[in-house]
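Have the sequence and the 3D view open while you read.

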Amino acid sequence: MTQPAAGGVKLSARGVRIEYWQERSRRSFLAVEGVDLDVRAGEFVAIVGPSGCGKTTFLNAVDGLIPISGGSLSLGGRPIKGPSHDRAMVFQHPSLLPWRTVLANVAYGLEIQGKLSRGQSRERSRDYIRLVGLDGFEDHFPLELSGGMQQRVNLARALATDPELLLLDEPFAALDAQTREYMQLELLRIWRQTRKTAVFITHDIKEAIYLADRVIVFTARPGRVKLTLEIGLPRPRDLRLKRTPAFVEYEDTVWSAIEEESMLGRTPVAVS
Amino acid sequence: MKAAIEAEAVDTAAGPQRQSRAVGRPPALAAYQPALLGALSVLVFLVAWQLIAAARVVPALFLPAPTDIADAYRQMFRDPEIWLDLETSGMEVGYGFGLAILIGLPLGILMGWYRPLRLALDPFVAFFYSTPRIALTPLLIIWFGIGIYSKVAVIFLGAFFPITINTMAGIRSLDPLLLQAARSFGARDAQIFRTIALPGSVPFILTGLRLGVGHALIGVVVGELIAAQHGIGKRMSDAFTTFNMPTGFAALIMIAATGVVLTVVIQRLERRFDAWRPGN
């Protein structure tokens, strides 16, 4: 696994603007404007913001799935032009191929890359299945698994490609509260072992603070960076951390920033 | 950690120990229960038929007994001509249905994949699909003669459209989330086609084939009914028009049996490709 030099900038966004044509409303839609942010190598950054603030759109642009209409976006100094093997996304919906077993799903990204032989990619997939705690389930089909287990497969599939940057788009949003907390703990364990540079999108403030080295708050649409908060909580973190005064203080800071934005977002509605 | 995984697994009843499913497995006989019930009901039906025919409630001219039909088979296979009929009809279905798959499948895939092609061909597909194609049989006989090629054309037209349309629907109804995931991993079009589009539309393709079988059999019978030199459909039609009921029924049952066998083969394929759906 690549061990990046600590502190160097991995992902760099400068004045990113994302505007797209929405067929349904027949008008152009400004999702993100003037986003400046850096993610350092080995860092875990969480982006939070009011719903519809363009955070998922931003992540999709980082993955190369949608083009940016202004500014610059680069990974390790190379401009991002489209999807590539140096990034891997963990989707909000597991997006697993239902006709493939867990093993074949985890191997999917590797198969697309075509760098490893079939045997090598199966072997590596088994390692990651073990890492996400699904050993024994290699031959199961996705529909035989619970939502939490499906997301483990989703995570293993992304990690198996050994990306420079791991992108996570609200991966636990569809899980029940209990599974969700447990998956957060699991994600931190897995992240500690892989040390991937990670960008995690969520609307859950606690989740963001608990997971991240740094929390970035987006403004209401069009999204831009409103607040950047270094989370100085020690690692490894257990779930009890969420009830400590230091944690609650971070939560207050983030919450008031988001509350301000939600208010701003609502004002025009109140006026009109 | 392990304990929590298993706790998750309990919800879905899909623990790592697959043999746990064997608990409470019904006795071996139960596996054959569907087949047994089916066979039993057919047997009861045949006995009832024989009794009604023997009682002569209906004149023998209109309703031959199952034993009469068995006699008809014996007679039929004593005459080597039957092999020519079987070969003719078999070739007609084989060529017609084969050609429908050979052209319909790739065309359906292309029409599902490339929107301009779909838009260009849509008027023709809509026209032919809504026309009772069997009505074109006399025309096709004028064009292709009374040999096998007119029947091949009728069968082809019957089977081609369900195969093409279902394949196209399969490609078009692919899960956009899967396509996005594939693109995110940097998959090229050919890879998306091979890993997502093809396996994703298999159930649709098989449905198209199953419908196609039905249309192919209608085609062979109607084609031979209108004008033919040889064939099982011709034999059936000749028998019925000369009030040779046992032979007519014998030919009819052969055609039906062909349909059943082909449908079962496709159902087997469907089950094989659907192994990932829970409950299989």
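## Helices, sheet and chain contact

In chain A, H4 and H5 are oblique to each other, a word used for angles that are not under 35 degrees (roughly parallel), over 145 (roughly antiparallel) or 65 to 115 (roughly perpendicular). This is a predicted model, where local features need pLDDT of at least 70, side-chain atom pairs count only at pLDDT 80 or more, and totals for chains, interfaces and linings use all residues. Residues are numbered from 1 along each chain as its sequence is written, while chains are lettered from A and ligands numbered from 1 in the order in which they are written.

Two packed helices are described by the angle between their axes and the distance between the axes. Here the axes of H4(A) and H5(A) come within 9 Å and cross at roughly 135°; axes are lines fitted to C-alpha atoms, for helices over the stretch in contact, and angles run from 0 to 180 degrees between N-to-C directions. From H4(A), A:Arg124, A:Ser125, A:Tyr128, A:Ile129 and A:Leu131 meet A:Ala156, A:Leu159 and A:Ala160 of H5(A); contact calls for C-beta atoms, placed from the backbone, within 7 Å. By class, that makes six nonpolar, one polar and one charged residues, with Ala, Val, Leu, Ile, Met, Phe, Trp, Tyr, Cys and Pro counted as nonpolar, Asp, Glu, Lys and Arg as charged, and the others, Gly among them, as polar.

| Helix | Residues |
|---|---|
| H1(A) | 55-63 |
| H4(A) | 118-131 |
| H5(A) | 147-160 |
| H8(A) | 245-271 |

Now for the sheet: four strands of chain A form an open antiparallel one in the order E2-E1-E4-E5. Strands E2 and E5 of chain A are at the edges with a single partner strand each, so one side of each has no neighbour in the sheet. Ten bridges join E1(A) to E2(A), and pairing takes at least two by DSSP. A:Tyr20 sits opposite A:Phe29 in E2(A). H1(A) lies across E1, E2 and E4 of chain A, at about 115° to E1(A).

How many residues of chain A are in contact with chain B? There are 29, and they touch 22 residues of chain B. H3(A) gives the most to that side of chain A, with three residues. The side divides into 15 nonpolar, twelve polar and two charged residues.

Notes
Helices (H or I, at least four residues) and strands (E, at least two) are DSSP runs, numbered from the N terminus. Two residues are in contact if their C-beta atoms, placed from the backbone, lie within 7 Å.
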